[in-house]
Amino acid sequence: MRFLAANLFRVLALALLLVMLLRPEWLTPVLAPLTKFGASPIYTQNSLPSLALSHLELILVSIAASGILAVLGGIFVTRPIGADFLPLSRAIANAGQTFPPVAVLALAISTTGFGAVPTFIALFLYALLPIFENTVAGLQQVPASVLDAADGMGMNGWQRLFRVELPLALPLIIEGLKIATVINIGTATIGSTVAAKGLGEVIIAGLINDNTAFILQGGLIVGLMAVLIYDGMEMIERSVTRKIGLQPHGD
């Protein structure tokens with residue numbers, strides 16, 4: 001029953017997202033009461049699918065960059081040679097998460113100009129902490145008995161890392177990627193304040209024109225994308241971890 005309910009939710013969420021992107025005019029009767037003075041309830045200044053793709057592209061690039069750096073950093077500080085750098089690395093990752101994205105944008109545009117680059121910088125910094133912390137936690141939780149067994153089999157440091165430690169840490173690493181991705185899907189909307197193409201454009205247009213229908217459109221599309229992408233990543237995590245004989249995180 002729970003499985004059927006989850007699948008029904010996925011289908012309904014995906015159907016609503018596709019309607020909002022490809023056939024938003026179908027929602028006119030629902031959105032029209034949210035407008036004033038006969039304003040259009042459907043955002044038409046730009047292509048919604050195009051804005052969604054640009055939004056997702058920015059997320060993908062920023063998460064990929066953050067993921068590479070955070071995972072490599074997590075590996076480094078859990079090795080004997082890098083253990084002393086763990087507090088400093090944590091402080092840097094925390095600073096990236098706690099520094100307001102709007103402030104990052106304001107600082108970045110002074111050197112990079114307007115557009116996608118300052119938004120990428122803000123998203124990159126924002127995603128570091130969950131991925132880094134989950135990588136560290138995943139590697140540190142590998143039982144000492146398992147590491148001793150790997151050493152007893154004659155594995156060197158690299159073999160032990162790639163054949164034992166990273167596979168066992170994989171569920172937590174993917175969990176960090178999921179959290180960072182969902183955070184950045186919502187955070188990326190602020191990029192439209194510095195002329196980055198994305199779904200924030202719809203929300204900002206609603207704020208400027210006092211059009212609640214636009215705000216709801218943009219917010220729902222972003223929210224549905226976040227839910228569906230998180231759910232998709234969770235299914236990938238379960239599939240991958242089961243293939244390598246691990247218990248998926250959260251089961």
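The model is a predicted one. Welcome, and let's start with the pocket, whose volume is about 320 Å³, making it the largest pocket here.

**The largest pocket**
- Its lining is made up of 13 residues, and those closest to the centre are Ala6, Arg10, Asp231, Glu234 and Arg238.
- Two helices, α1 (2-22) and α10 (212-243), each contribute at least two residues to the lining of the largest pocket.
- By type, the lining of this pocket holds six nonpolar residues, six charged ones and one polar one.

**Helix α10**
- Look at the start of α10 to find Asn211, where a side-chain oxygen comes within 3.0 Å of the backbone nitrogen of Ala213.

- Leu48 belongs to helix α3, which covers residues 48-77.
- With a relative accessible area of 3%, Leu48 counts as buried, because buried means under 20%.
- Leaving aside residues up to four places away in sequence, Leu48 touches Met20, Leu21, Pro24, Tyr43, Leu199, Val202, Gln217 and Ile221.
- Although Leu48 and Gly198 are 150 residues apart along the chain, their C-alpha atoms are separated by 8.9 Å.

Note on methods
Residues are numbered from 1 along each chain as its sequence is written. This is a predicted model: local features need pLDDT of at least 70, side-chain atom pairs count only at pLDDT 80 or more; totals for chains, interfaces and linings use all residues. Side-chain values use heavy atoms; hydrogens and water are left out. On a 1 Å grid over the protein atoms alone, a cavity is a set of points where a 1.4 Å probe fits but cannot get out, and a pocket is an open set with protein on both sides within 12 Å along at least five of seven lines; lining residues have an atom within 4 Å of a point. Grid points are joined across faces, edges and corners, and a volume is the space filled by probe spheres set on the points. Helices (H or I, at least four residues) and strands (E, at least two) are DSSP runs, numbered from the N terminus. Ala, Val, Leu, Ile, Met, Phe, Trp, Tyr, Cys and Pro count as nonpolar, Asp, Glu, Lys and Arg as charged, and the others, Gly among them, as polar. A polar contact is a pair of N or O atoms within 3.5 Å; within protein, one must be able to donate a hydrogen and the other to accept it, and residues adjacent in sequence count only if both atoms are side-chain atoms. Buried means under 20% relative accessible area, exposed over 50%, partly exposed in between (1.4 Å probe, protein chains only). Contact means heavy atoms within 4.5 Å.
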